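The stops below go from the whole chain to single side chains.

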Amino acid sequence: MTLGAAGLACGLVFAVLAALAMGLPEGFNPGLALAAGSLGGLVLAGWAAWRLKSWPSRKLALFRDRLVVILGKHEMSAVWAAMETVTLSAPDSWPHVRLTDRLTINFRHDPPLAFKPAQFGLSPSACRDLILRLRDDSRLRARLPEFDSARDLAVSPVVAGELIEPRL
């Protein structure tokens, strides 16, 4: 966003300077150079706007009770209390442990959650250390915000009795 704003500001300032230079009797060549600078600034602003539009396709959110990973339209949630191991080693690499850039979170009763922290702009080892620290330190997790999603706030219908007895 900062890069786009700077490109737009430079593009507009160079455009005004180019217009003023073109009005001078000997200002065609300097005006042409300033117009090229203006075009470069506007191209930079357009590129930054295009990147900003597609920017948050991946999100990593830390809440008091869970970790939420959103990759495109796929949302994965990991409750802190259910996490067993958080590792950067490749699955099935034992006894010859091979480190990767993919973080794998294993749970007691659920399939593992795996993602690449670099997709979120994080160092893999720093992300692993942060998740382990948050998993083990409940006082630190208390400083995080509460989980609040639209699905949790939606009122679901009460189902009682009908699904328990078999209907023929």
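How many helices and strands does the secondary structure of the chain come to? Colour by secondary structure: there are five helices and six strands, where helices (H or I, at least four residues) and strands (E, at least two) are DSSP runs numbered from the N terminus. Read from the N terminus, the order is α-α-β-β-β-β-β-β-α-α-α.

This is a predicted model, in which local features need pLDDT of at least 70 and side-chain atom pairs count only at pLDDT 80 or more, while totals for chains, interfaces and linings use all residues. Residues are numbered from 1 along each chain as its sequence is written, and side-chain values use heavy atoms, with hydrogens and water left out.

Next, colour by accessibility. Of the 168 residues in the chain, 24% are buried; buried means under 20% relative accessible area, exposed over 50%, and partly exposed in between (1.4 Å probe, protein chains only).

**The helix pair.** Select residues 2–22, helix α1, and residues 28–53, helix α2. Their axes come within 7 Å and cross at roughly 160 degrees, so α1 is roughly antiparallel to α2. Axes here are lines fitted to C-alpha atoms, for helices over the stretch in contact, with angles from 0 to 180 degrees between N-to-C directions; under 35 degrees counts as roughly parallel, over 145 as roughly antiparallel, 65 to 115 as roughly perpendicular and the rest as oblique.

Now pick M1, in the segment before α1. M1 is exposed at 76% relative accessibility. Its C-alpha lies 8.9 Å from that of A45, 44 residues away in sequence.

**The surface patch.** Select V13, F14, V16, L17 and L20, a nonpolar surface patch with about 440 Å² of accessible area together. Patch members have over 30% relative accessible area and no salt bridge; like charges are joined within 9 Å, nonpolar side chains (Val, Leu, Ile, Met, Phe, Trp, Tyr) within 5 Å. Areas come from the Shrake-Rupley method with a 1.4 Å probe, and for residues only the protein chains shown count as cover. L20, in α1, is exposed at 59%.

**The salt bridges.** The whole structure has four salt bridges, each a side-chain nitrogen of Lys or Arg within 4 Å of a carboxyl oxygen of Asp or Glu. Show R66 and D65, paired at 3.0 Å, N to O. R66 is buried at 19%, whereas D65 is partly exposed at 32%. Move to R128 and D129, at 3.1 Å; R128 is partly exposed at 23%, and D129 is partly exposed at 43%. Finish at R135 and D136, with closest N and O atoms 2.9 Å apart; D136 is exposed at 55%.
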